[in-house]
Amino acid sequence: MKTSSNHVHVGYTMSKRVTDELGNIEMDVISVPSSHHGSENLSYVHKVGKPSKKTLLKEVGCIVKETFFADDPLRNFKDQPWSRKFVLGLQAVFPILEWERHYSLSKFNGDFIAGLTIASLCIPQDIGYAKLAYLPPQYGLYSSFVPPLIYAFMGSSRDIAIGPVAVVSLLLGNLLQNEIDPSESPLDYRRLAFTATFFAGVTQATLGFFRLGFLIDFLSHAAIVGFMAGAAVTIALQQLKGLLGVKQFTKKTDIVSVMRSVFHAAYHGWNWQTILIGLSFLAFLLVAKYIGKKKKKLFWVPAIAPMISVVLSTFFVYITRADKHSVQIVKHIRKGINPPSVDEIFFSGEYLAKGFRIGVLAGMIALTEAVAIGRTFASMKDYQLDGNKEMVALGTMNIVGSMTSCYVATGSFSRSAVNYMAGCHTAVSNIVMSGVVLLTLELITPLFKYTPNAILASIIISAVISLIDIEAMILIWKIDKFDFVACMGAFFGVVFSSVEIGLLIAVTISFAKILLQVTRPRTAVLGKLSGMTDYRNIRHYPDAAKVPGILIVRVDSAIYFSNSNYIKESGIHAMEELLRSLEKRDVKLVFANPGPIVVDKLHASKFHEMIGEDKIFLTVEDAVKTCAPKMDLEP
């Protein structure tokens, strides 16, 4: 019946009479013989073993272990003394305690260079991303100081670079401003941001601790590609305000409202000096990015280009006093390290539930992005990434971050790529980056006073362009049209409505696909390959021949109530109905290669007695040989 947990082989054997040309009855082609019928023509047939009986508690335990602890995370603790278990426990929580024993000066050199490189990239990005979240610029820097330190001690990825990211900043800003206007109530707005960050961390840590990371897989890859591309377009459109020097700009994010706002300001709101600065440095950033993409050894060019842009544009504005000619600048950035914010989190009142809802959404998106990035670079360097540990680490750093004036941080793909290409070896590169950010907060922030907003807009636009993966969209179209619908649905939902609607569409279509696959599983009719004992899908293998009198069907899904009407079988009750229906038509039902769970259910329900033990076979070949002993089935 099952070849694996997802495949079902069901054989239908038709008992019919075949007549010769004179109309005389000649022979029975097949009539599902008893186990001894025609035994002289049969080779040895393996039988499916009877499962041992399990108590309810043991059965539940097996299900829990298979679902949540399939990798046996406590295997290293077995047969170890308590002192060793304590050390292993600390290493499990803080992986740095395990790999620091093998750390060397050569590795530190690589991590130090990588840390300096990603710091030069993150500082200007952080200031811009904070504006996306409608927060003062220093909060972006705060979020690249504390969270990376926490992650360096608890994370298992060697390459991921931690900090604010564009998509999460945009999502958080949109959700927060729907509840509180940041210009009218900036204090309450920040408090709600910290509350959302706290619950984002709680969500992430909870998923990791209870090993529920598989939940993020419900958001399909196609939906993520579409959502990210839509978010990139939305973010880029939002930057037209800074790039064009528009003062009065819509708070809506859909493309229609944004473009209406841009063209409405065309005659009186655009500033040519701002446009000149913005477009000039945007071109510089894109060229630098192109150079880094074409020549991998020059990866540092696009990495330092944002900082060069900030320095040059700030100097230019300062000496020309372009701010006196309506060129908008950053102005004040608070000096000093993160102030504590634990007393600013809403643990009660009307904003508690709102902060929880926003935090769960932002936390899930941040988690999806970070895990995807971590897995990508882990596969490139051929090491194992523990997804559940990653979730706990990300959650802990955001919980601590919410108490130290940070908003939601996660893994950044652009920084992680630079980190990887710069030759990082461990998470120490995050510590180095955090140290540079610390020095910036303590010493350099006043120098950003004259940084033009147009530069931040240019940096953000150049950063989010890489989120639009055209090649992935084309590949999705070629592979699965339904996935492409999910991709485009998420994309257009974000672009023409809002990030929340786009996210809702992405989740809805992802679940719809799962339900469709469950209720409409693929089925395959199998045939025998000449000269072999294998049976294959006749659509994929035209040379595979059907066995006369026998229909071999494989159902590529688990069988239960929701797909019973589609394949006419589901669970034990539907099997009984199918058996009775087939018997009325003089068609016999046999099973081949059932999985252990199926065998357990067949015996627990006594269905094996109803169908007969001799109708359950270990392989399709055994089933065919037994049911058609007089046919020439030898390879």
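Patches are made of residues with over 30% relative accessible area and no salt bridge, where like charges are joined within 9 Å and nonpolar side chains (Val, Leu, Ile, Met, Phe, Trp, Tyr) within 5 Å. A salt bridge is a side-chain nitrogen of Lys or Arg within 4 Å of a carboxyl oxygen of Asp or Glu. The structure is a predicted model, in which local features need pLDDT of at least 70 and side-chain atom pairs count only at pLDDT 80 or more, while totals for chains, interfaces and linings use all residues. Residues are numbered from 1 along each chain as its sequence is written, and side-chain values use heavy atoms, with hydrogens and water left out.

Phe86, Val87, Leu90, Val93, Phe94, Leu97 and Phe153 make a nonpolar surface patch of about 570 Å² (accessible areas come from the Shrake-Rupley method with a 1.4 Å probe, and for residues only the protein chains shown count as cover). Helix H2 (residues 82-93) supplies the largest share of this patch, four residues; helices (H or I, at least four residues) and strands (E, at least two) are DSSP runs numbered from the N terminus. Phe86 is placed in H2 and counts as exposed, at 57% relative accessibility. Here, buried means under 20% relative accessible area, exposed over 50%, and partly exposed in between (1.4 Å probe, protein chains only). Phe315, in helix H13 (residues 300-320), is likewise exposed, at 53% relative accessibility. The C-alpha atoms of Phe315 and Leu447 are 9.5 Å apart in space, although these residues are 132 apart in sequence.

Other parts of the model are buried. Helix H26 (residues 620-627) is largely enclosed by the rest of the structure, because eight of its eight residues are buried; among them are Val620, Glu621 and Cys627. Thr253, in the loop between helix H10 (240-244) and helix H11 (255-264), is also buried, at 7% relative accessibility. Beyond its neighbours within four places in sequence, Thr253 is in contact (heavy atoms within 4.5 Å) with residues including Asn174, Thr234, Val495 and Val499.

Strand pairing was examined next; two strands pair if DSSP finds at least two bridges between them. Strand S7 (residues 523-528) runs antiparallel to strand S9 (residues 550-555), and four bridges join them. Within this pairing, Ala524 has Arg554 of S9 as its bridge partner. S7 also pairs with strand S8 (residues 535-537) in the antiparallel sense, over three bridges, with Gly527 opposite Arg536 in S8. Six residues separate S7 and S8 in the hairpin that they form, and Gly531 in the turn has a positive phi of about 80°.

Eleven salt bridges are present in the structure. In one of them, the side chains of Asp126 and Arg415 meet at 2.7 Å, N to O. Asp126 lies in helix H4 (residues 105-132) and Arg415 in helix H16 (residues 413-421), so the pair ties together parts that are 289 residues apart in sequence. Asp126 is buried, with a relative accessible area of 0%, and Arg415 is buried at 0% relative accessibility. A salt bridge also joins the side chains of Asp480 and Lys513 (3.5 Å, N to O), and both of these residues are buried. The side chains of Lys615 and Asp614 meet in a salt bridge at 3.2 Å, N to O; Lys615 is buried, with a relative accessible area of 15%, whereas Asp614 is partly exposed, at 23%. Finally, salt bridges link Glu179, Lys354 and Arg357 in a network.
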